[in-house]
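Hi there,

Here is the structure I promised to pass on to you. Have a look at it first, and my notes on what turned up follow below.

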Amino acid sequence: MKKLIALLLSLAMVLSLAACGSSSSTAETKTEEPAAAEASTPTEAVEAVGDASAAPSTDGALDLTGKKIGLAMPTQSSERWINDGNNMKTQLEALGAEVVLQYGDDDIQQQVSQIEGMIAQQVDCLVIAAIDSGSLTTVEQAAADAGIPIIAYDRLLMDTENVTYYATFDNKGVGVAIAKYVEEKLDLANAKADGKTYTCELFMGSPDDNNALFLYNGIMEVLGGYFEDGTLDVKSGRTSFQDTCILRWSQETAQQWCENYLASSYADAHLDICLCAFDGFAYGCKAALTSAGYTAENWPLITGQDCELMATKNIIDGTQTMSIYKDTRLLAEKCVSMVGAVVLGTEPEINDTEQYNNNVKVVPTYMCTPVAVDKDNYQEYLIDSGYYTEADLNAAS
Ligand code: GAL
C-alpha cells in the first residue's frame with residue numbers, strides 16, 4: 001500500500017512539473033516583445049528577445065475565461081489609442097476574456113455613458129484611459145457600488161478612491177528624456193560660453209491630464225536653468241504650464257498657436273525649437289512652419305511623444321527631430337497583469353508606490369520606461385523590436 005502511495009505521489013510530481021514547464025514557456029512567448037522594448041539599449045533588446053531563460057510573467061498563466069472586461073479609451077483621433085485598445089483587446093481575448101472596447105471621441109459625456117453601459121453589462125473589471133481625468137468620479141462610484149474594480153490606463157484617474165491600480169509610462173521621465181535630447185543635441189551646456197542662444201516655443205499637454213504636468217516638470221528639471229539664463233529664448237514669453245498647455249492635446253490648437261507665434265513673435269526672427277509634448281503637436285507645428293516658408297535648410301528642432309507611425313516617417317524625412325517611444329504592447333501587458341490581480345486575485349506587477357497621488361490616495365503603479373528615438377536609433381527600437389515593419393514605414397500615409 002505504502003509503495004502504491006509513493007508511486008502515485010511521484011507520478012503527481014512529474015505531472016505537475018510538466019504542467020509548470022508548459023505554462024512558463026507560454027509566459028515566455030508572451031513576454032518576448034515587451035521585454036525587448038523595456039531593455040535599456042537596443043542590443044539588450046535584441047538579446048532579450050532570444051533569451052529563453054527570461055523569467056515567466058505572471059500574466060502568462062492567467063485564465064480569464066468567462067470574465068468580461070470593459071475598456072474605455074479616450075479617442076481614435078490619434079493612432080496610439082487605437083493601438084492601445086487593440087493590444088489590450090488582443091491580449092485579454094487570448095486569455096479567454098470577453099472584451100467590450102469603446103472610444104469616447106474626446107467627448108466626456110460620451111465616455112461617461114459608455115462606462116455606464118459597461119457597468120450595466122456587469123463587466124468584471126473596468127480599464128479606463130480618461131478624456132478628462134477628474135470628470136469620472138460619479139460613474140467611478142457607480143462602478144464601485146456595483147463591485148466593479150477599476151484600473152487607470154496610462155492617464156491617472158483623479159479625485160477618486162475607486163481606482164485599484166495604474167499602468168503607465170514614467171511621465172516625468174518622458175519630459176526629462178525630451179529635454180535631455182534637446183540639451184545634448186544643441187550642446188546647451190556649452191552654449192552660453194560660446195555666446196549662443198536658441199529661440200524656443202513650448203507646446204505642452206492637456207491640463208485635465210495628470211501626465212501633462214508631470215511631463216512639463218520633467219522638462220523644466222533639465223531646461224529650467226536655460227530658460228532663466230536666456231540660453232533658451234522664448235519670444236512669446238510663454239513658459240509656464242498654464243500658458244503653454246493645450247486642452248485635449250489638440251493638434252489644431254498647436255498649429256494655430258505656432259502660426260500665431262510665427263506671424264507675431266517670429267516675424268523678424270527664426271524659430272529654432274518647437275518643444276512639443278506630443279506627436280500631434282509636432283504635426284501642427286510642421287504644417288504652420290511649412291506655410292510660413294520654413295524649409296529643410298532652416299527647419300527647427302521639433303520634439304514629440306508616442307512615436308506614432310506618421311511621426312516616425314517624419315523623423316526619417318527630417319520634418320520631426322525626435323519622439324518618445326512608448327511601447328503600447330508592454331503597457332497593455334502590465335495592465336493585463338493588473339486585470340488578473342483584481343479579477344482572479346493574482347499578484348500584479350507594481351514598481352511605484354509613491355509618485356502617483358490622485359488627491360485621494362497614492363495609486364500603486366507600474367511605470368514603463370520611455371525611450372528617446374530619432375533617425376539614428378529608430379531602426380533598432382522601432383523596427384528590430386517589431387513595433388513597426390519596414391512595410392508600415394513605406395506605405396503611403
Ligand atoms: C497622454 C499620453 C501621451 C499622449 C497624449 C495624447 O496622456 O501620456 O503619450 O498619447 O496623452 O494622446
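Helix H3 gives three residues to the lining of the largest pocket, the largest share. Please keep in mind throughout that this is a predicted model. The pocket itself has a volume of about 390 Å³, and 27 residues line it. Those nearest its centre are Ser77, Ser78, Arg248, Trp249 and Phe278. Two or more lining residues come from each of helix H3 (79–94), helix H10 (251–263) and helix H11 (279–291).

By class, the lining of the second largest pocket divides into six nonpolar, four polar and four charged residues.

Is Trp299 buried or exposed? The cut-off for buried is under 20% relative accessible area, and Trp299 has 16% relative accessibility, so Trp299 counts as buried. Not counting residues up to four places away in sequence, Trp299 touches Lys286, Leu289, Thr290 and Tyr294, as well as Gly318, Thr319 and Gln320. Leu271 is 28 residues from Trp299 in sequence, and the C-alpha atoms of the two are 8.6 Å apart in space.

How many cavities of 30 Å³ or more does a search of the whole structure find? The search finds one, and the volume of this largest cavity is about 50 Å³. The residues that line the cavity are Glu79, Arg80, Asn83, Asp306, Cys307, Glu308, Lys326, Thr328, Tyr387 and Tyr388. H3 supplies the largest share here, with three residues. Five of the lining residues of the cavity are charged, three are nonpolar and two are polar. The largest cavity lies between domain 1 (42–163 + 327–368) and domain 2 (171–326 + 390–395), because both give residues to its lining.

On to helix H5, which spans residues 137–145. Its buried residues are Val139, Glu140 and Ala143. They cover an arc of only 105° around the axis, so they sit on the same side of H5. An α-helix has 3.6 residues a turn, so residues three or four places apart point the same way. The exposed residues Thr138 and Asp145 are carried by the face of H5 turned away from the buried side. Among what covers the buried residues of H5 are helix H4 (108–120), strand S3 (125–128) and strand S4 (150–153). Just after H5, Gly147 has a positive phi of about 75°.

One more residue to look at is Thr168, in strand S5 (residues 165–169). Thr168 has a relative accessible area of 0%, so Thr168 is buried. Leaving aside neighbours within four places in sequence, the contacts of Thr168 are Asp154, Leu331, Tyr356, Thr365, Tyr366, Met367 and Cys368. Leu156 is twelve residues from Thr168 in sequence, with 8.2 Å between the C-alpha atoms of the pair.

Finally, the chain as a whole. The protein chain has 15 helices and twelve strands. Of its 397 residues, 52% count as buried. Among contacts between residues at least 6 apart in sequence, 73% join residues at least 24 apart.

Best wishes

How values were computed: Residues numbered from 1 in each chain as written. Predicted model: local features only at pLDDT ≥ 70, side-chain atom pairs only at ≥ 80, totals over all residues. Heavy atoms only, no water. 1 Å grid on protein atoms, 1.4 Å probe; cavity = no way out; pocket = protein on both sides within 12 Å on 5 of 7 lines; lining within 4 Å. Points joined across faces, edges and corners; volume = space filled by probe spheres on them. Helix = DSSP H or I, 4+ residues; strand = E, 2+ residues; numbered from the N terminus. Nonpolar A, V, L, I, M, F, W, Y, C, P; charged D, E, K, R; others polar. Buried < 20%, exposed > 50% of the residue type's maximum accessible area, 1.4 Å probe, protein only. Arc of directions from axis to C-beta. Contact = heavy atoms within 4.5 Å. Domains from an automatic or database assignment.
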